[in-house]
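Subject: Structure handover

Hello,

Here is the structure we talked about. Please open it and keep it beside this email as you read.

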Amino acid sequence: MDQLKQQLKEMIVQDLNLPDVKPEDMDDKAPLFEEGLGLDSLDAVELVVLMQKRFGVQIADMDEGKEAFASIDALARFVKAQQGNTSKSIGTSVSAT
Amino acid sequence: MRYINPRLRGAVLKRLEALGHGIFYLILRIAGQPGAYALLVPVVLIYVISGRRIHQLTSPYLQRRFPKHNLVERWRDTFRIVHSFGQILVDRAWLGLNISARLHCSLDGWNTILGLIEQRKGLVLLTAHVGNWQVALAHLKDLPVPVHALMHYKEEVVAKHYFDLRGESCPFRIIKTDGFLGGVVEATAAIQRGEVVTIMGDRLAGGPNATVKFLDSQVRFPAGVYRLAAATGAPIAVLLAAKTGRQSYHLRVWDVFHPSYHNRKHREEDLTAWTSRFSKALEAYVTQFPYQWYNFYDFWNQ
């Protein structure tokens with residue numbers, strides 16, 4: 001889980017181009033948007049796309065977005081849960097064949 | 001000057017407005033669309049001659065669109081723009097009252113839109129509050145993929161009302177812009193699935209924006225949607241409708257462009273460049289259809 005959080009932090013800093021933020025300084029529990037890390041709705045678009053590209057998870061609606069973007073902790077939990085669901089469904093389809 | 005209680009005045013005006021609507025609906029039932037159009041001429045004339053407010057509401061646009069017009073021409077312009085808007089309202093009521101009623105549509109660029117959808121990169125459709133924009137939205141039901149409309153509460157009410165009147169189901173799913181992060185999470189997911197997201201690109205209701213030139217003056221336009229297209233790789237098409245006759249309208253793709261993302265450092269200039277592209281398409285539209293601009297407020301101060 002710690003490794004995943006580190007990957008998420010590095011992705012946010014590098015791909016969203018935040019030169020004043022260091023991954024190690026990011027608080028796992030701080031909100032990503034507005035008063036926390038200070039990301040805005042334009043960054044949200046990029047983040048949704050990055051999550052799909054890098055981790056193969058899709059944030060499909062407002063409720064999932066609210067939950068996933070609450071903090072780094074929440075985002076890591078969301079990725080883990082989504083990846084777990086994907087591997088479960090792959091496992092089910094493999095055993096069915 | 002005699003004092004009139006503002007509440008009483010408001011109540012009387014409300015009743016008069018309801019009476020006006022009632023008379024128009026009655027004429028529509030008795031004499032159809034031509035009858036209501038005929039009634040519209042004296043009504044708009046009296047409205048333009050007697051009311052000061054309508055001149056205040058239309059002048060920010062008319063001053064910029066027709067900077068050389070004198071006072072008489074400006075009054076004529078105000079009449080024409082209000083009359084044109086009245087016709088759109090009459091058409092809407094007429095279509096609502098007669099389920100079999102149809103407006104004839106000529107399409108320009110529809111195959112371009114279908115071609116863009118086929119690429120499976122999603123599509124952002126930009127429209128604006130010009131011409132009979134609700135009729136343009138009705139055409140979205142003919143697209144082969146689901147359509148989502150980013151709308152705030154007021155737009156949603158107006159759009160739904162149009163389809164309720166017709167007894168038709170709304171051809172798009174609404175993503176509320178007053179939701180979490182302005183609805184961008186759902187809009188991005190829709191684009192990633194290769195679907196269409198449409199938005200009115202002219203009116204600013206909070207959120208990211210860019211200041212660009214429109215009719216020779218600087219104005220703020222919403223800009224978040226360009227970032228959505230750039231991040232997902234979706235193309236943008238500007239689709240605007242114009243009333244061209246009593247029962248006809250023209251739906252045209254005014255521009256297609258592919259915003260590409262550089263990085264955060266260039267974000268502001270990228271947004272400005274893409275917004276400028278939309279502004280130019282809108283300018284071309286009002287050059288051809290100057291009296292079909294329906295943003296009746298100080299648009300340049302939004």
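Below are some notes on the model, then on the sheet, the domains and the chain contact.

This is a predicted model, in which local features need pLDDT of at least 70, side-chain atom pairs count only at pLDDT 80 or more, and totals for chains, interfaces and linings use all residues. Residues are numbered from 1 along each chain as its sequence is written, while chains are lettered from A and ligands numbered from 1 in the order in which they are written.

**The sheet in chain B**

Start with the sheet. Chain B has an open sheet of seven strands with mixed pairing. Its order is β1-β9-β8-β2-β5-β3-β4. Strands (E, at least two residues) and helices (H or I, at least four) are DSSP runs, numbered from the N terminus. Two strands pair if DSSP finds at least two bridges between them. β1 and β4 (173-176) of chain B are at the edges with a single partner strand each, so one side of each has no neighbour in the sheet. From one strand to the next, the twist averages 25°. That angle is taken between N-to-C directions, on a scale from 0 to 180 degrees, with axes as lines fitted to C-alpha atoms.

Now look at β8(B), residues 236-245. Seven of its ten residues are buried, meaning that 20 or more other C-beta atoms, placed from the backbone, lie within 10 Å of the residue's own. Strand β2 (residues 123-127) of chain B pairs with β8(B) in the parallel sense, over three bridges. There, B:Leu126 has B:Val238 as its bridge partner.

β8(B) also pairs with β9(B), residues 248-257, this time antiparallel and over nine bridges. A hairpin of two residues links β8(B) to β9(B). B:Ile236 is bridged to B:Phe257, and B:Ala237 to B:Val256.

β9(B) has a parallel link to strand β1 (residues 104-108) of chain B, with five bridges. B:Cys105 has B:Tyr249 as its bridge partner. B:Asp108 stands opposite B:Arg252.

**The domains of chain B**

Which domains does the assignment give for chain B? They are domain 1 (6-97) and domain 2 (104-301), with bounds from an automatic or database domain assignment. Their C-alpha centres lie 26 Å apart. The contact takes 17 residues from domain 1 of chain B and 22 residues from domain 2 of chain B. Residues are in contact if their C-beta atoms, placed from the backbone, lie within 7 Å.

On the domain 1 side, α2 (53-65) and α3 (71-97) of chain B each supply at least two residues. α3(B) gives the most, with ten residues. By class, that side has seven nonpolar, five polar and five charged residues. Here Ala, Val, Leu, Ile, Met, Phe, Trp, Tyr, Cys and Pro count as nonpolar, Asp, Glu, Lys and Arg as charged, and the others, Gly among them, as polar.

**Chain A against chain B**

Last, the two chains. 18 residues of chain A are in contact with 21 residues of chain B. On the chain A side, α2 (41-55) and α3 (62-68) of chain A are the elements that give two or more residues. The largest share, eight residues, comes from α2(A). This side of chain A has ten nonpolar, five polar and three charged residues.

Best regards

Note on methods: A residue is buried if 20 or more other C-beta atoms lie within 10 Å of its own, exposed if 12 or fewer, and partly exposed in between; C-beta atoms are placed from the backbone. Two residues are in contact if their C-beta atoms, placed from the backbone, lie within 7 Å.
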